[in-house]
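The structure comes first, then the points by topic.

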Amino acid sequence: MASTIPIVTLLIVMLSCHAANAQLSPNFYASSCPNLQTIVRNAMSRAVNRETRIGAYILRLFFHDCFVNGCDGSILLDDTATFTGEKNAVPNRNSARGFEVIDTIKTNVEAACSATVSCADILALAARDGVALLGGPTWQVPLGRRDARTASQSAANNQIPSPFANLATLTSSFAAKGLSTRDLTALSGGHTIGLARCTTFRGRIYNDTNIDANFAATRRANCPASGGDNNLAPLDIQTPTRFDNDYFRNLVARRGLLHSDQELFNGGSQDALVRTYSNNPATFSADFAAAMVRMGNISPLTGTQGEIRRNCRVVN
């Protein structure tokens, strides 16, 4: 009998350690806000029907939120005279969009369940729904995040992966967040939707050699060597408003728009996985969904940490 005591003690320690990582649950609001997911889905459906790019906007917001001190809604905070947020960090300035959609969802959620659901959770759900509405996979979103009272422009400038990064830099950026190279490649597949500004891919189409010549010429027509910084091009030249695996087919054909995209298929460690995703959309979809859950688990505020913001743009 005495020999069972250490085992019981060990189980308690293991369970308590696991509990620290298990505070998020898809059922977190099952009783406190039972219609939450329907409210978010309906608002996203209306928004995407009005403008398909909304799906890409919200997915990017979630990515940029999670990579800066965890998925805590900090990217949603406005700058004020006494507060510097993340919206004007280099990766977000003039390019982060979709905030009004989150505002609308938050208003609808507050009407149903006041002061209950965090902006961080709303963003996580909206990102999932945007992907699904454009033909991508769906997944259960663990919930229970709370909202940050702070933000970090410097962390946004330094921790969000750059479109100019090489594979080694991308790998280390993701590893710093507890994400694998498989997660990196799967999540990069989010670039199957959305548009990029000329300033982010000019170096790629004028200087890179691992690029299809016809593709480069097509892109140069709308992205001059100087000027036109905000001219837009689709990240996926084939189906820019449908969430599919064409992004990976483009990489195999050397038609990745960003330097960081083509780095995933350039004689390196991710070539085989890119080929797999290019040939097997189901594998990509499953890996993308799993990677989104892992990214959504980066350093959430839970329990009594942070707050439940009434307005996603300002701390209470």
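Contact here means heavy atoms within 4.5 Å. The model is predicted: local features need pLDDT of at least 70, side-chain atom pairs count only at pLDDT 80 or more, and totals for chains, interfaces and linings use all residues. Residues are numbered from 1 along each chain as its sequence is written, and side-chain values use heavy atoms, with hydrogens and water left out.

**Annotated site**
- An unreviewed UniProt entry lists Asp 65, Val 68, Gly 70, Asp 72, Ser 74 and Glu 86 under "binding site"; positions follow the numbering used here, feature names are shortened, and annotations may be inferred rather than shown by experiment.
- These residues spread over 22 residues of sequence but cluster in space, with a largest C-alpha distance of 13.0 Å.

- Val 68 counts as buried because its relative accessibility is 0% (buried means under 20% relative accessible area, with a 1.4 Å probe and protein chains only).
- Not counting residues up to four places away in sequence, Val 68 touches Ser 74, Glu 86, Ser 152, Ala 155, Ala 156, Gln 159 and Ile 160.
- Gly 70 is also buried, at a relative accessible area of 2%.
- Leaving aside neighbours within four places in sequence, Gly 70 contacts Asp 65, Ile 298 and Ser 299.

**Domains**
- The chain is divided into domain 1 (35-160) and domain 2 (167-295), with bounds from an automatic or database domain assignment.
- Their C-alpha centres lie 22 Å apart.
- The contact takes 24 residues from domain 1 and 19 residues from domain 2.
- Between domain 1 and domain 2 there are 0 salt bridges (a side-chain nitrogen of Lys or Arg within 4 Å of a carboxyl oxygen of Asp or Glu).

Notes: Buried means under 20% relative accessible area, exposed over 50%, partly exposed in between (1.4 Å probe, protein chains only).
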